[in-house]
Amino acid sequence: MDLKEKLISSFLAFENEGNLNLDSNTHATRLKAIKSFEQHGFPTKKEEDWKYTNLKPLLKHDYCLFPTTKNPVGFKNIRKYLLNDIETYTLIFIDGVFSSFLSTTTHDDCDVCVLSSALNRPKYHMVVDNYFNKIAKESESISQLNTAFTIEGAFINVPKNTIVPKPVQIIYFSTGSEKEVMLQPRNLVIVGENSHVQIIERHQNLSDEVTFTNTVTEIFANKRAVVDYYKIQNDTKNSSLIDSTYVSQKMQSVASVNTFSFGGKLTRNNLEFYHEGEGITSNLNGISILNDKQHVDNATLVNHKFPNCESHELYKGIYSDKSSGVFNGKVVVKRDAQKTNAFQQNNNILIDDGATINAKPQLEIFADDVKCSHGCTIGQLDESALFYMQSRGIPKKEAKALLLYAFGNDVVEKIKIPQLKTKIAKFIATKLNVKLGFDL
Amino acid sequence: MLSIKNLHANINDKEILKGINLEIKAGEIHAIMGPNGSGKSTLSAVIAGKEEYEVTEGKVMLDDEDLSDFSPEERAHKGIFLSFQYPVEIPGVTVTNFIKTAINETRKAKGLEELPAKEMLQLIREKSDLLEIDRKFLSRSLNEGFSGGEKKRNEIFQMAMLEPKLAILDETDSGLDIDALKVVAKGVNKLKSDKNSVLVITHYQRLLDYIVPDFVHVLYNGKIVKSGGKELALELEKKGYDWLK
């Protein structure tokens with residue numbers, strides 16, 4: 001039985017055994033989603049948006065869809081994956097199941113808790129009905145698959161005029177309790193008018209077993225809300241991730257999604273911004289540093305529908321060995337979106353002959369009074385810059401690493417949480433395999 | 001200290017240096033002048049070990065050691081410093097962190113421990129005071145957004161920190177106004193001793209008003225066609241290069 005059949009045949013049992021409320025609107029949403037997935041199946045390379053990412057090898061495994069055996073996980077096992085030097089709210093999931101023991105939630109000024117309780121508690125039905133699966137793309141079958149199997153994930157609900165005092169860390173661990181596991185976490189983030197929240201999301205395999213994560217995040221930024229979202233992707237070589245993040249913004253809100261891809265076997269990031277008002281700012285930043293046979297595909301969309309909005313997109317990539325990258329950045333400016341400022345930049349460095357990058361900027365502009373630009377470069381390291389550093393006594397290997405570090409620096413500079421910035425800078429130094437000789 | 005013997009060098013199979021002989025003793029300042037395309041910058045790059053250049057004949061010796069087989073960083077460790085005409089910008093790496101890395105790599109190559117943070121700081125203070133460099137400058141990203149003058153001062157600051165035996169100043173005067181030029185020259189003069197040497201590479205005589213050479217050499221078409229004292233520079237300023245061809 002192939003994975004698609006297995007998923008479809010598991011669906012009924014999932015709904016029955018999951019203690020899910022079968023009378024709710026959510027049930028109808030799930031049913032519709034599984035039908036859509038049944039019709040379209042997994043995306044293939046024949047589809048334009050998936051041309052450079054082949055999911056086939058991922059689909060060959062016999063995944064356990066609902067891991068039940070438990071590997072004990074204590075704080076000492078996960079500590080190093082967390083940002084420890086500042087206070088945060090944390091939502092920790094182990095093999096898809098929420099661990100209240102390892103987490104720090106809140107219901108005080110805002111809700112930082114789990115989606116399952118939001119889905120099942122009458123108190124939240126209005127919220128769920130208004131927001132759940134409202135912006136996840138209908139034509140993206142992989143997102144529909146996630147919707148059908150939505151059972152758990154992060155639920156962050158910030159009422160209006162609230163500044164969430166601590167960043168929120170959402171971390172999904174897999175433990176290798178099963179040889180091959182498929183996880184489908186779902187996050188819902190709702191940020192009220194004039195409110196502000198910072199979120200860090202990570203998926204981490206604690207074992208060498210195979211993990212395939214298909215996650216969906218929906219983010220709603222209401223009027224003048226500010227959302228800073230950070231994705232850390234530094235997983236093991238047997239872990240693959242399809243991350244689909246959909247952002248809906250109301251007037252004058254500012255939403256930033258920063259994606260740091262350093263590890264994992266295959267990573268696909270769908271990142272889409274939809275504007276629902278004027279004066280909106282959308283920021284998309286990313287850096288991919290890959291080696292071995294790693295593959296990262298960043299497929300982004302900014303949909304400008306209203307006047308006087310801005311988008312700033314900056315993606316950088318450093319590819320070694322036989323790694324491969326994809327940048328597919330689409331910016332749409334609709335006829336009414338006059339005075340739009342849309343900027344896109346994608347810079348790549350290929351270190352080795354075996355590394356590849358497929359870069360495809362797409363601008364579709366239907367308004368006539370706009371400022372839009374895009375730039376895409378693919379290059380090698382600057383030899384004269386290397387010589388400069390060598391002439392100061394810095395060996396070639398360290399000089400290269402320093403130059404690459406500098407290349408990615410403007411993305412790192414966008415990080416607004418200083419401790420996270422330090423952590424990412426250290427990741428980069430480690431990934432480039434160099435001791436820089438100073439604290440970052 | 002530096003001894004260049006019959007040096008021939010190519011880039012992309014084109015011969016640029018066609019037999020250069022030059023002796024620089026400890027404590028001396030030499031200037032190399034010459035028109036565009038005469039091979040001045042090639043000579044400095046070849047001494048520093050830039051890999052694109054192929055030495056086809058002859059050699060460069062430092063303290064009687066043939067440098068041919070050494071990489072640029074190894075030459076730096078042995079005491080050669082090249083100040084660049086166009087220093088490279090490195091965003092995200094501060095002047096302080098860059099020089100720390102350079103110093104500690106040099107120490108590592110010599111089998112020494114890293115310089116303790118406190119001593120490093122002290123050294124940085126001492127040298128920045130000597131060169132009248134604002135401390136704020138040291139926490140800026142290396143050369144990023146620096147003016148021409150700031151870039152050259154930063155080069156001299158690095159030179160002060162690394163204390164080379166031989167400093168090569170490649171077109172250090174280009175892009176500098178007269179005040180900036182004076183500041184840079186003052187720095188070089190302060191660092192000069194009877195144990196180190198300086199090789200100034202320049203188009204114009206004006207830098208030599210401030211860094212006064214013991215010897216002036218004229219490079220033309222890949223060869224040194226004339227050598228003399230500092231008065232030769234003045235003569236070149238007056239007559240140009242044509243009379244030497």
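Colleague: How many residues does the contact take from chain A and from chain B?
Modeller: 21 residues from chain A and 24 residues from chain B. Keep in mind this is a predicted model.

Colleague: Which helices of chain A each supply at least two residues of the side that touches chain B?
Modeller: H8 and H9 of chain A do. H9(A) gives the largest share of that side, 8 residues.

Colleague: And what is that side of chain A like by class?
Modeller: It has 11 nonpolar, 6 polar and 4 charged residues.

Colleague: Back to H8(A). Which residues are buried there?
Modeller: H8(A) covers residues 383-390. Leu386(A), Phe387(A), Tyr388(A), Met389(A) and Gln390(A) are buried.

Colleague: What covers them?
Modeller: The cover includes helix H9 (396-412) of chain A, together with helix H2 (72-78) of chain B.

Colleague: New topic, the sheet. What is the strand order in chain A?
Modeller: S2-S1-S5-S8-S10-S12-S14-S16-S18-S20. That is an open sheet of 10 strands with mixed pairing.

Colleague: Which strands stand at the edges?
Modeller: S2 (97-98) and S20 (371-379) of chain A. Each has a single partner strand, so one side of each is left without a neighbour in the sheet.

Colleague: How do S14(A) and S16(A) run, parallel or antiparallel?
Modeller: Parallel, with 10 bridges joining S14 (residues 281-290) to S16 (residues 310-319). Leu290(A) stands opposite Tyr319(A) in S16(A).

Colleague: Where does H9(A) pack on the sheet?
Modeller: H9(A) touches S14, S16 and strand S18 (341-350) of chain A. The direction of H9(A) makes about 160 degrees with that of S16(A).

Notes: Residues numbered from 1 in each chain as written. Chains lettered and ligands numbered in written order. Predicted model: local features only at pLDDT ≥ 70, side-chain atom pairs only at ≥ 80, totals over all residues. Buried ≥ 20, exposed ≤ 12 C-beta atoms within 10 Å, placed from the backbone. Helix = DSSP H or I, 4+ residues; strand = E, 2+ residues; numbered from the N terminus. Contact = placed C-beta atoms within 7 Å. Pairing = 2+ DSSP bridges. Axes fitted to C-alpha atoms, helices over the stretch in contact; angles between N-to-C directions. Nonpolar A, V, L, I, M, F, W, Y, C, P; charged D, E, K, R; others polar.
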